Amino acid sequence: MAEERVTISVIKADIGSLAGHHKVHPDTILAASRVLVEAKKNGKIKSFYVTHVGDDLQLIMTHFKGVDNPEVHEIAWNAFKEATKVAKELGLYAAGQDLLSDAFSGNVRGMGPGVAEMEFVERPSEPVIVFMADKTEPGAFNLPLYRIFADPFNTAGLVIDPRMHDGFIFQVMDVYEGQVVELSLPEEMYDLLALIGTPSRYIIKRVFRKSDREIGAVVSSERLSLIAGRYVGKDDPVMIVRAQSGFPAVGEVLEPFSFPHLVAGWMRGSHHGPLMPVGLKDAKMTRFDGPPRVVALGFQIKNGELIGPADLFDDPAFDETRRLAQQITDYMRRHGPFMPHRLGPEEMEYTTLPEVLEKLKKRFKPADLGYKPHAKTGDSGEIHD
Ligand code: F6R
Ligand code: MG
Ligand code: MG
């Protein structure tokens, strides 16, 4: 299999779930799996693993067809369609939610599902970690990715492994404008942080090793509301990271998740909460539809075949993180409808603000401020009146 390029594709969608947005029903997992079994039998994909995190059905596939392959995307689309049929039969909640179109047109990107794919020549031993999060957005991976590939206080290898010492290139996507920019770390660290500290807009899409441009990480960047122009579902993200032998060690890749940082996307896509790392058995959403959770499955890829997984956060080493996340959950919840628990008005996926403002329009009277207020510049640089 020398020099053959293998592709790992992680494609996910919320096609309906059990007890509200709590968790995927096993029968929908079965329906999707049947489609992938068939695809494997026909040699269209090499191997697969179907799972779920919260209300998101996750298809992890390997094949030799490259990224954005129409045949592979169609298999995923059909798997979601079949699962949706079952979801409708069972009356599951929000059945078919993330499938924004009825007809497949060659690529699932822009049609609702989230996609992370990478292609590479398999190393003699190829560890990869698939991260899947629910009740959050793709920018939730900005902070951990920065720590993994740029922070020497997280990743010892950046300092002491000659194969990583040159640093990494970060490809950042501006999802409002549909543009990408590449920044070279460590030299451009402050510029990178100036962008990715606004995770709703600037999303780390890919990371490459600087010395040979080998791909190290890829994140799904679909934002459903930006695709559809209105709130239609959630952008719960997935990420693939390669580890070891010149990439960060598995332990260095997992380490940033020991800090349950605040992410957007909890309850009605409109609240900030801590990202709690959990094993698959706890990948279900309860408290205030959350808190946001992330699962990490570790695989080896051998001759294009997925070996595993190892359920990496299913470990007492993350118990204290989970406890801290619960304390943060209590603390944030006590803010009720106030920011910064509730997102800013531009980012909320549910809002009544336009109606409330309209209703109160006539009751707003000029206030005696004693000065004329200036227009305010927002995060995005636009002037808001
Ligand atoms: C869905 C999610 C949930 C829903 C909430 C309201 O992924 O984040 O918090 O937004 O349960 O759902 P609806 O409007 O469907 O009743
Ligand atoms: Mg849902
Ligand atoms: Mg979800």
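In this predicted model, the magnesium ion (ligand 3) lies 5.1 Å from the magnesium ion (ligand 2), and Asp55 coordinates both. The magnesium ion (ligand 3) is held at 2.0 to 2.3 Å by OD atoms of Asp55, Asp56, Asp134 and Asp236, where donors are N, O and S atoms within 2.8 Å of the metal (3.2 Å for Na, K and Ca) and sites may look incomplete, water not being among the atoms. The spacing of these donor residues in sequence is D-D-x77-D-x101-D. Asp55 belongs to the loop between β2 (47-53) and β3 (56-63), whereas Asp134 belongs to strand β5 (residues 126-134), so the pair ties together parts that are 79 residues apart in sequence; strands are DSSP runs (E, at least two residues), numbered from the N terminus. Asp55 is buried, with a relative accessible area of 1%, and Asp134 is likewise buried, at 0% (buried meaning under 20% relative accessible area, with a 1.4 Å probe and protein chains only).

Ligand 1 is surrounded by ten residues, the closest being Tyr93, Lys135, Arg268, Asp289 and Tyr350, each with a heavy atom within 4 Å of the ligand. Oxygen atoms of ligand 1 are placed 2.3 Å from a side-chain N or O atom of Tyr350, 2.5 Å from one of Asp289, and 3.0 Å from a polar backbone atom of Arg268. Taken alone, ligand 1 exposes 410 Å², of which the protein buries 82% (Shrake-Rupley method, 1.4 Å probe).

Residues are numbered from 1 along each chain as its sequence is written, and ligands are numbered from 1 in the order in which they are written. Local features need pLDDT of at least 70, and side-chain atom pairs count only at pLDDT 80 or more, with side-chain values using heavy atoms and leaving out hydrogens and water.

Terms used: Polar contact = N/O pair within 3.5 Å; in protein donor to acceptor, adjacent residues only side chain to side chain. Helix = DSSP H or I, 4+ residues; strand = E, 2+ residues; numbered from the N terminus. Buried < 20%, exposed > 50% of the residue type's maximum accessible area, 1.4 Å probe, protein only.
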